[in-house]
Amino acid sequence: MGNCNDACCGEKGNDVVGQKVVAMKSLEDRHAREAVLQNGSIYSGQWKGNVRDGIGKQTWPDGAVYEGAFRNNKAEGYGKFTHADGDVYEGDWLDDRAHGSGRYAHIDGSSYEGEWVADKQTGYGVECWADGSCYRGQYQDGLKHGSGMFTWIDGSSYDGEFDANDIHGQGTYKWADGRQYC
């Protein structure tokens, strides 16, 4: 998953080029309006003063869309980001990054569902590919790391330790025909 950062939701300065007030119910000190941001994206949703804060939708000129919670001009809370290429991340956000529990689905059918820290798979997750192979286990900084199980489409599997995406350490490899190596 690419880093959302400033190019995504939190433009530095966040100067509004044009805006249209939308008739919506105010929530506390929030109000709703639509605005064209300096980068050409359009934000429609809740504001707190001149800051995107609350529930909203932001659409970029390339077709990418974020729908969900904002806090202090950044994606924070639960939201869904659809990339221009069709890939989708839906889950928790913090500081414009996937952070917490979430699911990233590629248009080719592969996906990852699990824990994220600062836009990287970290903690327990399940990653499956379009061919049917899957990994279930621990990640660190976006890499398979720690204990996990990888199952290939032919039915063979490895259950054991991984280090930086590689099989490494103690584990058991089982072939589809029942043979195994420990």
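**Rings, charges and pairs**

Author: Start with a charge and a ring. In this predicted model, the charged end of K144 lies over the ring of Y135, 5.7 Å from the ring's centre.

Reader: Which ring does the charged end of R52 sit over?

Author: The ring of Y43. The charged end of R52 is 5.8 Å from its centre.

Reader: How is a pair of aromatic rings described?

Author: Two values do it: the distance of the centres and the angle of the planes. Here the count comes to 17 aromatic pairs. Take Y66 and W93: their centres are 5.3 Å apart, with 85 degrees between the planes. Planes over 60 degrees apart count as edge-to-face, so this pair is edge-to-face.

Reader: Where in the chain do Y66 and W93 lie?

Author: Y66 is in strand β5, residues 65-71. W93 is in strand β7, residues 88-94.

Reader: Is Y66 buried or exposed?

Author: Buried, because its relative accessible area is 0%, under the 20% cut-off. W93 is buried too, at 4% relative accessibility.

Reader: What are the values for Y112 and Y139?

Author: Their ring centres are 5.0 Å apart and their planes are at 80 degrees, so the pair is edge-to-face. This pair also links distant parts of the chain. Y112 belongs to strand β9 (residues 111-117) and Y139 to strand β11 (residues 134-140), 27 residues apart.

Reader: Is Y112 buried or exposed?

Author: Y112 is buried, with a relative accessible area of 2%. Y139 counts as buried at 4%.

Notes:
Residues numbered from 1 in each chain as written. Predicted model: local features only at pLDDT ≥ 70, side-chain atom pairs only at ≥ 80, totals over all residues. Heavy atoms only, no water. Phe/Tyr/Trp six-rings, centres within 6.5 Å; stacked < 30°, edge-to-face > 60°. Helix = DSSP H or I, 4+ residues; strand = E, 2+ residues; numbered from the N terminus. Buried < 20%, exposed > 50% of the residue type's maximum accessible area, 1.4 Å probe, protein only. Lys NZ or Arg CZ within 6 Å of the ring centre and 35° of its normal.
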